[in-house]
Amino acid sequence: MVDSSQIEAVVKQVIAEMGKLPGDSGISAASFNTPAASSSGGDRGVFMDVNEAVDAAWTAQREWVRFKIEERQRVIGEIRRVSRAHVEEWAGKVLEETGMGRYEDKVEKHLAVINKTPGPECLNTEAISGDAGLMLEEYAPFGVICSITPTTNPTETIINNTISMIAGGNSVVYNVHPRAKRISAECVQILNDAIVNAGGPANLITMLKDPTMDTVDELAKNPKIRLMAGTGGMGMVNALLRCGKKCIGAGAGNPPVIVDETADLSLAAEKIYEGASFDNNILCFAEKEVFVVEPNFDGFMHLIGKQGAYCLNAQETAKLVDVCLRKMKDGSGYEVNKSWVGQDAAKILEQIGVRVSDKCRLAVCEVGADHPFVQVEQLMPVLPVVRCRSFEEAMEYALIAEHGNRHTSSIFSRDVDHLTQFGRLIETTIYVKNSCTKAGVGIGGEGHCTMTIAGPTGEGITNAKSFCRRRRCMLAEGGLRIV
Ligand code: NAD
């Protein structure tokens with residue numbers, strides 16, 4: 001039995017072969033938005049059924065791969081334009097649906113991915129011309145990619161991954177976090193409209209209306225999915241790595257920060273306050289614990305208090321552990337109490353009877369290096385600070401707290417040897433010196449932005465190149481050489 005999507009694909013292929021695709025002929029892009037191109041069981045990219053979502057994305061990809069780079073740029077330009085027009089609305093709706101983070105910071109995150117996610121311009125061709133001919137290596141699409149997105153950056157990850165993945169000629173099927181599925185569906189539909197209005201194929205990005213763990217399994221088993229990309233916690237990333245298919249895993253972090261004896265303390269207090277309170281600390285790359293070398297400890301606590309942080313005493317810290325964390329059922333340690341993830345510092349502190357103004361964005365407390373606030377990835381604006389006897393001790397503690405995620409770390413120091421030593425030891429994908437860790441994804445720093453930081457599988461700060469296959473074309477016997 002041949003189904004309608006297969007017939008549709010064959011028809012489009014024949015038309016394409018005849019050189020009638022937009023850009024290949026004088027036919028306008030809009031003329032390609034025929035009913036056949038957009039007919040499917042979905043609602044502007046949102047599907048009830050896994051196979052339908054994959055088939056629609058597969059059909060769209062067959063068409064998309066033939067678009068010229070200039071046409072991909074035009075479509076991506078429209079995605080950026082339309083997303084910019086929705087930033088405030090989406091930031092508000094994400095906050096409403098997930099109940100986590102801060103509106104103004106979500107606006108900044110959206111603008112960062114819209115403005116700083118590279119398009120196809122980063123897909124440089126490598127060429128070698130020599131006695132034995134001409135070699136070209138190019139970035140080719142995988143085909144249909146399944147992208148699993150987190151609740152902490154739902155629409156930001158969809159915008160970011162859509163630009164990166166389609167820039168490389170792929171299409172995408174999203175399995176979004178169930179706790180952000182309404183705003184994710186709205187975003188996917190609006191981006192689909194933008195793609196179609198700019199002359200691109202319908203259903204270049206699709207998603208499941210009701211995503212579950214089972215739908216992830218079905219997607220992983222679907223032969224038309226060529227690449228699984230997971231952005232979220234380590235449970236999900238580890239599950240993906242076992243699926244038997246090519247995976248890009250962007251997992252959890254627990255970024256340590258060192259403030260050494262040579263640091264500019266005012267700068268450290270200012271930047272750590274800013275970074276650790278950004279979007280209430282739900283970002284995987286946000287500062288999660290600080291190791292301060294002894295001579296600077298009291299000065300640092302004083303200065304971060306002056307920035308606006310509330311400094312907890314020992315009794316208050318003990319009470320807050322019972323609010324923010326829960327003992328694991330098997331007694332092996334603590335886990336985060338999800339009810340307080342991404343909440344405002346003032347709300348969290350209220351639970352232990354401490355009242356602060358809404359302007360207070362962060363609580364800080366002095367704890368030992370093995371304290372659960374240091375070891376558990378909290379994703380809350382509660383920052384543990386550890387007093388260390390030496391730089392070497394700070395490095396040792398930081399290495400343990402990072403748990404081998406090799407995600408993000410930072411240091412405040414004016415000692416070049418310290419900057420080098422810690423970078424070599426900690427081996428994180430992002431290593432920031434003397435600024436907020438968010439500078440490492442281009443928010444207040446140089447370089448492109450991503451919300452998919454693939455530490456476990458090594459792609460790092462992902463962009464269009466990360467979601468492409470390398471293909472080589474070899475023209476032998478001198479080929480086109482003119483020298
Ligand atoms: P989460 O792991 O609960 O969910 C992420 C996604 O994975 C969701 O779509 C969820 O439905 C799915 N999922 C969860 N367990 C799964 C399993 N066993 N099998 C298949 N799918 C599964 O994470 P979250 O709460 O949405 O996000 C916060 C976590 O993600 C933090 O640990 C944070 O550090 C991490 N994160 C990492 C990056 C990165 O780029 N490295 C970016 C954002 C968030």
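Among contacts in the protein chain between residues at least 6 apart in sequence, what percentage join residues at least 24 apart? In this predicted model, the share is 73%, a contact being heavy atoms within 4.5 Å. Local features required pLDDT of at least 70 and side-chain atom pairs pLDDT 80 or more, whereas totals for chains, interfaces and linings use all residues. Residues are numbered from 1 along each chain as its sequence is written, and side-chain values use heavy atoms, with hydrogens and water left out.

The protein chain comprises 16 helices and 20 strands, defined as DSSP runs numbered from the N terminus (helices, H or I, at least four residues; strands, E, at least two). Its radius of gyration, taken over C-alpha atoms, is 24 Å, close to the 23 Å that the globule rule (2.2 Å times the number of residues to the power 0.38) gives for 483 residues, so the chain is as compact as a globular protein of that length. Buried residues (under 20% relative accessible area, 1.4 Å probe, protein chains only) account for 56% of the 483 residues.

Strand β14 (residues 363–366) pairs in the parallel sense with β11 (residues 310–312) over three bridges, and also in the parallel sense with β15 (residues 382–388) over four bridges; pairing requires at least two DSSP bridges between two strands. Within β14, Ala363 is the bridge partner of Tyr310, and Ala363 also stands opposite Val382 in β15.

Conventions
Buried < 20%, exposed > 50% of the residue type's maximum accessible area, 1.4 Å probe, protein only.
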